[in-house]
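The following questions and answers go through one protein model step by step, from its overall make-up to single residues and the spaces between them.

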Amino acid sequence: MFHQIEVIGHIETDFKEKFGIPRQSGIIPELIGRIVFTKKFRNPDAIRGMENFTHLWLVWQFSENVREDWDWAPTVRPPRLGGSEKKGVFATRSPFRPNNLGLSCVELDHIELSKGKGPLIYVRGADLLDGTPIYDIKPYIPYTDAQPQATCSFAKSDWERKLYVEFPGELLSKVDESKQEALIKVLEQDPRPAYKEDSDNLYGMKFANYDIRFVVKSGTLIVTEVL
(Lines give C-alpha, C1' and ligand atoms only; values in the text may rest on other atoms or scores of the structure.)
Protein backbone atom coordinates (compact mmCIF):
# COMPACT_ATOMS: atom_id res chain seq x y z
CA MET A 1 0.00 0.00 0.00
CA PHE A 2 1.31 3.44 -0.96
CA HIS A 3 0.99 6.34 1.48
CA GLN A 4 1.70 9.93 0.53
CA ILE A 5 1.04 13.28 2.18
CA GLU A 6 1.77 16.65 0.64
CA VAL A 7 2.81 19.94 2.17
CA ILE A 8 0.00 22.46 1.67
CA GLY A 9 1.79 25.48 3.08
CA HIS A 10 4.17 26.91 5.66
CA ILE A 11 3.70 29.04 8.74
CA GLU A 12 5.59 32.27 9.44
CA THR A 13 6.28 32.98 13.13
CA ASP A 14 8.68 34.98 15.28
CA PHE A 15 10.57 31.85 16.37
CA LYS A 16 13.74 31.45 14.32
CA GLU A 17 15.05 28.56 16.44
CA LYS A 18 13.53 25.88 18.68
CA PHE A 19 14.75 27.44 21.93
CA GLY A 20 11.97 29.55 23.47
CA ILE A 21 8.99 28.09 21.58
CA PRO A 22 6.04 27.55 23.99
CA ARG A 23 5.68 23.94 25.10
CA GLN A 24 2.06 23.79 23.94
CA SER A 25 -0.17 25.74 21.58
CA GLY A 26 -2.59 28.36 22.86
CA ILE A 27 -0.54 29.29 25.93
CA ILE A 28 0.37 32.73 24.54
CA PRO A 29 -2.44 34.12 22.36
CA GLU A 30 -0.43 37.29 21.76
CA LEU A 31 1.81 35.32 19.40
CA ILE A 32 0.71 35.88 15.80
CA GLY A 33 1.55 33.45 12.99
CA ARG A 34 0.70 33.54 9.29
CA ILE A 35 0.00 30.49 7.13
CA VAL A 36 0.99 30.84 3.47
CA PHE A 37 -0.22 28.14 1.09
CA THR A 38 1.97 26.57 -1.57
CA LYS A 39 1.05 27.57 -5.12
CA LYS A 40 -1.05 24.46 -5.73
CA PHE A 41 -3.38 25.17 -2.80
CA ARG A 42 -3.89 28.94 -3.15
CA ASN A 43 -7.47 28.61 -4.36
CA PRO A 44 -9.74 30.75 -2.09
CA ASP A 45 -12.48 28.14 -2.46
CA ALA A 46 -10.39 25.77 -0.32
CA ILE A 47 -11.01 27.90 2.81
CA ARG A 48 -14.60 28.91 2.08
CA GLY A 49 -16.50 28.93 5.40
CA MET A 50 -13.35 28.89 7.57
CA GLU A 51 -14.16 32.42 8.80
CA ASN A 52 -17.11 30.98 10.72
CA PHE A 53 -14.82 29.03 13.07
CA THR A 54 -12.85 30.53 15.95
CA HIS A 55 -10.15 27.85 16.25
CA LEU A 56 -8.27 25.51 13.92
CA TRP A 57 -6.26 22.32 14.16
CA LEU A 58 -2.91 22.38 12.36
CA VAL A 59 -1.20 19.14 11.31
CA TRP A 60 2.48 19.84 10.72
CA GLN A 61 5.99 18.42 10.71
CA PHE A 62 8.81 18.73 13.23
CA SER A 63 11.02 19.65 10.28
CA GLU A 64 14.14 20.35 12.34
CA ASN A 65 14.10 16.76 13.65
CA VAL A 66 14.08 15.05 10.26
CA ARG A 67 17.22 12.94 9.76
CA GLU A 68 17.66 10.16 7.23
CA ASP A 69 19.95 8.19 9.54
CA TRP A 70 17.66 8.46 12.58
CA ASP A 71 16.06 5.33 13.99
CA TRP A 72 12.99 5.72 16.17
CA ALA A 73 13.13 5.00 19.89
CA PRO A 74 10.19 3.48 21.83
CA THR A 75 10.82 5.65 24.90
CA VAL A 76 11.67 9.32 25.50
CA ARG A 77 12.50 11.49 28.52
CA PRO A 78 9.76 14.16 28.90
CA PRO A 79 11.04 17.56 30.10
CA ARG A 80 8.12 17.72 32.56
CA LEU A 81 9.73 14.86 34.46
CA GLY A 82 13.10 16.55 34.58
CA GLY A 83 14.55 14.46 31.78
CA SER A 84 15.23 11.63 34.23
CA GLU A 85 12.25 9.31 33.69
CA LYS A 86 11.33 7.43 30.53
CA LYS A 87 7.85 7.25 29.02
CA GLY A 88 6.58 5.60 25.85
CA VAL A 89 6.87 7.88 22.83
CA PHE A 90 3.15 7.41 22.08
CA ALA A 91 2.30 8.44 25.64
CA THR A 92 4.01 11.82 25.18
CA ARG A 93 4.10 14.79 22.83
CA SER A 94 7.81 14.48 22.23
CA PRO A 95 8.99 15.93 18.89
CA PHE A 96 11.11 12.82 18.31
CA ARG A 97 8.49 10.58 16.72
CA PRO A 98 8.43 7.96 13.95
CA ASN A 99 6.72 10.34 11.51
CA ASN A 100 7.71 13.69 13.07
CA LEU A 101 4.12 14.95 12.99
CA GLY A 102 2.80 17.67 15.28
CA LEU A 103 -0.75 18.78 16.13
CA SER A 104 -1.63 22.27 17.37
CA CYS A 105 -4.86 24.04 18.21
CA VAL A 106 -4.70 27.73 17.31
CA GLU A 107 -7.12 30.64 17.30
CA LEU A 108 -8.16 32.05 13.95
CA ASP A 109 -7.45 35.79 14.00
CA HIS A 110 -8.34 36.81 10.44
CA ILE A 111 -7.95 35.90 6.79
CA GLU A 112 -6.51 38.07 4.02
CA LEU A 113 -6.71 37.50 0.28
CA SER A 114 -3.47 38.32 -1.53
CA LYS A 115 -3.15 38.49 -5.30
CA GLY A 116 0.34 37.02 -5.18
CA LYS A 117 0.07 34.50 -2.32
CA GLY A 118 -3.62 33.65 -2.28
CA PRO A 119 -5.41 33.26 1.08
CA LEU A 120 -3.29 34.19 4.09
CA ILE A 121 -4.46 32.77 7.42
CA TYR A 122 -3.45 34.67 10.56
CA VAL A 123 -3.57 32.64 13.78
CA ARG A 124 -2.86 33.20 17.47
CA GLY A 125 -1.05 30.97 19.93
CA ALA A 126 0.98 28.88 17.49
CA ASP A 127 3.86 26.84 18.98
CA LEU A 128 5.67 26.39 15.67
CA LEU A 129 9.06 27.30 14.31
CA ASP A 130 9.19 29.84 11.49
CA GLY A 131 8.92 28.00 8.16
CA THR A 132 7.32 24.84 9.59
CA PRO A 133 5.57 22.85 6.84
CA ILE A 134 1.80 22.44 7.25
CA TYR A 135 0.14 19.22 6.03
CA ASP A 136 -3.47 19.93 6.88
CA ILE A 137 -5.88 22.40 8.51
CA LYS A 138 -9.12 21.33 10.14
CA PRO A 139 -11.73 23.35 12.07
CA TYR A 140 -11.89 22.89 15.84
CA ILE A 141 -15.35 21.70 16.87
CA PRO A 142 -16.05 22.21 20.60
CA TYR A 143 -18.77 19.60 21.10
CA THR A 144 -16.49 16.78 19.92
CA ASP A 145 -12.95 18.12 20.39
CA ALA A 146 -13.33 19.48 23.94
CA GLN A 147 -13.28 16.83 26.67
CA PRO A 148 -13.23 18.71 30.01
CA GLN A 149 -13.45 15.45 32.01
CA ALA A 150 -10.25 14.07 30.49
CA THR A 151 -7.21 13.34 32.65
CA CYS A 152 -3.65 14.00 31.51
CA SER A 153 -1.29 12.03 33.74
CA PHE A 154 2.01 13.89 34.25
CA ALA A 155 1.14 16.60 31.70
CA LYS A 156 -0.70 18.85 34.14
CA SER A 157 -1.37 22.53 33.44
CA ASP A 158 -0.16 23.60 36.89
CA TRP A 159 3.33 22.33 36.03
CA GLU A 160 4.16 25.37 33.93
CA ARG A 161 6.65 27.54 35.77
CA LYS A 162 6.08 31.24 35.40
CA LEU A 163 8.98 33.56 36.06
CA TYR A 164 8.90 37.22 36.98
CA VAL A 165 10.48 39.09 34.08
CA GLU A 166 12.70 42.09 34.71
CA PHE A 167 13.02 43.84 31.35
CA PRO A 168 14.79 47.25 31.66
CA GLY A 169 12.94 49.98 29.80
CA GLU A 170 15.94 50.98 27.71
CA LEU A 171 16.20 47.40 26.41
CA LEU A 172 12.48 46.85 25.94
CA SER A 173 12.30 50.01 23.82
CA LYS A 174 14.56 48.29 21.26
CA VAL A 175 11.77 45.78 20.54
CA ASP A 176 8.93 46.66 18.19
CA GLU A 177 6.01 47.75 20.37
CA SER A 178 3.65 45.30 18.68
CA LYS A 179 5.84 42.38 19.80
CA GLN A 180 6.72 43.44 23.34
CA GLU A 181 3.79 41.79 25.16
CA ALA A 182 4.22 38.47 23.35
CA LEU A 183 7.97 38.45 24.04
CA ILE A 184 7.49 39.10 27.76
CA LYS A 185 4.95 36.28 28.02
CA VAL A 186 7.31 33.89 26.21
CA LEU A 187 10.01 34.75 28.75
CA GLU A 188 7.56 34.32 31.64
CA GLN A 189 7.05 30.70 30.55
CA ASP A 190 10.74 30.03 31.24
CA PRO A 191 12.29 29.03 27.89
CA ARG A 192 15.12 27.11 29.57
CA PRO A 193 15.16 23.29 29.53
CA ALA A 194 12.89 21.94 32.28
CA TYR A 195 15.74 20.38 34.24
CA LYS A 196 17.67 23.65 34.57
CA GLU A 197 17.67 25.33 37.97
CA ASP A 198 18.51 28.92 38.80
CA SER A 199 22.13 29.65 37.96
CA ASP A 200 24.39 32.35 36.64
CA ASN A 201 24.25 30.90 33.13
CA LEU A 202 23.69 33.41 30.36
CA TYR A 203 21.02 32.34 27.86
CA GLY A 204 20.20 33.65 24.40
CA MET A 205 16.92 33.38 22.54
CA LYS A 206 16.09 34.52 19.01
CA PHE A 207 12.67 36.15 18.71
CA ALA A 208 11.55 37.93 15.53
CA ASN A 209 14.60 39.96 14.47
CA TYR A 210 16.08 40.13 17.96
CA ASP A 211 18.57 38.17 20.01
CA ILE A 212 17.44 38.33 23.65
CA ARG A 213 20.10 37.62 26.31
CA PHE A 214 19.04 36.85 29.89
CA VAL A 215 19.90 35.22 33.21
CA VAL A 216 17.60 33.68 35.82
CA LYS A 217 18.10 34.29 39.52
CA SER A 218 15.75 33.25 42.34
CA GLY A 219 12.73 32.96 40.08
CA THR A 220 13.36 36.21 38.23
CA LEU A 221 14.38 36.33 34.58
CA ILE A 222 16.57 39.38 33.97
CA VAL A 223 17.06 40.58 30.42
CA THR A 224 20.64 41.77 30.05
CA GLU A 225 20.90 42.57 26.35
CA VAL A 226 18.82 42.99 23.20
CA LEU A 227 20.68 42.67 19.91
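This is a predicted model: local features need pLDDT of at least 70, side-chain atom pairs count only at pLDDT 80 or more; totals for chains, interfaces and linings use all residues.

Q: How many helices and strands does the secondary structure of the protein chain come to?
A: Helices (H or I, at least four residues) and strands (E, at least two) are DSSP runs, numbered from the N terminus. Counted in this way, the protein chain has three helices and twelve strands.

Q: What percentage of the residues in the protein chain is buried?
A: A residue is called buried under 20% relative accessible area, exposed over 50%, and partly exposed in between (1.4 Å probe, protein chains only). Of the 227 residues in the protein chain, the buried ones make up 37%.

Q: Among the contacts with a separation of 6 or more, what share comes from residues 24 or more positions apart?
A: Contact here means heavy atoms within 4.5 Å. When the contacts in the protein chain with a separation of 6 or more are taken, residues 24 or more positions apart account for 68%.

Q: Which strands pair with strand E3?
A: Two strands pair if DSSP finds at least two bridges between them. Strand E3 (residues 55-61) runs antiparallel to strand E6 (residues 101-114) over seven bridges, with Trp-57 facing its bridge partner Cys-105 and Gln-61 standing opposite Leu-101. Five bridges also join E3 to E8 in the antiparallel sense, and here Leu-58 stands opposite Ile-137. The partners of E3 are therefore, by the bridge rule, E6 and E8.

Q: Is Gln-61 buried or exposed?
A: Gln-61 has its place in strand E3, and its C-alpha atom is 8.2 Å from that of Asn-99, which is 38 residues away in sequence. Because its relative accessibility is 17%, Gln-61 counts as buried.

Q: Which residues does Glu-166 touch, not counting those up to four places away in sequence?
A: Glu-166 lies in strand E9 (residues 164-166) and counts as partly exposed because its relative accessibility is 39%. Its C-alpha atom is separated by 9.2 Å from that of Thr-224, 58 residues apart along the chain. With residues up to four places away left out, Glu-166 touches Thr-220, Leu-221, Ile-222 and Val-223.

Q: What are the relative accessible areas of Asn-100 and Ser-218?
A: Asn-100, in the loop between strand E5 (87-88) and E6, has a positive phi of about 55° although it is not a glycine. Ser-218, in the loop between strand E11 (210-217) and strand E12 (220-226), likewise is not a glycine and has a positive phi, near 50°. Asn-100 is buried, with a relative accessible area of 9%, whereas Ser-218 is exposed, with 70%.

Q: Which strand supplies the largest share of the lining of the second largest pocket?
A: A pocket is an open set of points on a 1 Å grid over the protein atoms alone, with protein on both sides within 12 Å along at least five of seven lines, and lining residues have an atom within 4 Å of a point. The second largest pocket holds about 200 Å³ of space, a volume being the space filled by probe spheres set on grid points that are joined across faces, edges and corners. Of the 14 residues that line the second largest pocket, the closest to its centre are Phe-37, Ala-46, Ile-47, Met-50 and Ile-137. The largest share of the lining, four residues, comes from strand E8 (residues 133-139).

Q: What is the volume of the largest cavity?
A: A cavity is a set of grid points where a 1.4 Å probe fits but cannot get out, and the count comes to one cavity of 30 Å³ or more. Thr-13, Asp-14, Phe-15, Leu-31, Ile-32, Gly-33 and Ala-126 line the largest cavity. Its volume is about 50 Å³.

How values were computed: Residues are numbered from 1 along each chain as its sequence is written. Side-chain values use heavy atoms; hydrogens and water are left out.
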